[in-house]
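User: I am new to this structure and would like to learn how to read one of its features, step by step. Could you guide me?

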Amino acid sequence: MIVGAILVGVLGGAIAGLLGVGGGVVFVPGMVLFLGLDQHHAVATSLLAIIPVAILGTFRQDRYGNVERRDAVRLGALSVGGAAAGVALANALPGSTLRDLFAAFMVFVAVRLVRDTRRS
Amino acid sequence: MIGTLAGLFSGLFGVGGGTVMVPLLVLWLAYDERPATGTSLAAIIAIASFAAAIQALYGNVKVVDGLLVGIPGMAGVMAGTWLQQRVPSHAIAYLFALVLVATAVELVLQ
């Protein structure tokens, strides 16, 4: 269980660092498949796991001058309403629907990743 | 607009919202790819914190599991950015896309 959690964390973080996708797309299915969390708990817990990863990533990017601080603060502040609505929606949906939507989201990320890679 | 959309995705799926933010910053605000990634990461700190706090009010956050995944995640990011300079990321992107689709199928069939 602990080993599984650490593996999910290291893998998700490595993918985030390598490909620039968020860790969440790894954390959520990892928590469902390896830690036995249900979809609602996984979605909520993944958010907590993302915070330290994003803090470290931001420090590193900031050193290269890649962080527009004013825009970042603005985006963060403007996200409050959306985040509240998203959480309410997630908790209103049955677990199986949330899981299917998440699977669709994963396919969307996969398609975007392939398209961006082919373009570059 | 971008912030609200990113928040919605983040709250609904438990992700950071970068998947939505990075392309929109590039398309709508004429950002380059690297500053878009860096700025989106900084915004994710706030977005994930808000969304996690609201989820905690619903009692859905497993704090121990979250820390057990998130703290090793920091080591993973260091390893990932280090590797990025040394391995062809094209191959990894295709492999990961394949893993994503396979995992999506596994989730739905489970």
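User: Which residues of α4(A) are buried?

Analyst: A residue is called buried if 20 or more other C-beta atoms, placed from the backbone, lie within 10 Å of its own, and helices are DSSP runs of H or I with at least four residues, numbered from the N terminus. In α4(A), the buried residues are Asp71(A), Ala72(A), Leu75(A), Gly76(A), Leu78(A), Ser79(A), Gly82(A), Ala83(A), Gly86(A), Val87(A) and Ala90(A). This is a predicted model, in which local features need pLDDT of at least 70 and side-chain atom pairs count only at pLDDT 80 or more, while totals for chains, interfaces and linings use all residues. Residues are numbered from 1 along each chain as its sequence is written, and chains are lettered from A and ligands numbered from 1 in the order in which they are written.

User: How should I read the spacing of such a list?

Analyst: An α-helix has 3.6 residues a turn, so residues three or four places apart point the same way.

User: What covers the buried residues of α4(A)?

Analyst: The cover includes α3 (39–63) and α5 (95–119) of chain A, and from chain B α1 (2–13), α2 (18–28) and α3 (33–57).

User: How many residues of chain A are in contact with chain B?

Analyst: Counting two residues as in contact if their C-beta atoms, placed from the backbone, lie within 7 Å, 85 residues of chain A are in contact with 73 residues of chain B. To the side of chain A that touches chain B, α3(A) gives the most, with 22 residues.

User: Where does α4(A) bend?

Analyst: The bend at a residue is the angle between axes fitted to the seven residues ending there and the seven starting there, and α4(A) bends by about 40 degrees at Val80(A).

Terms used:
Helix = DSSP H or I, 4+ residues; strand = E, 2+ residues; numbered from the N terminus. Buried ≥ 20, exposed ≤ 12 C-beta atoms within 10 Å, placed from the backbone.
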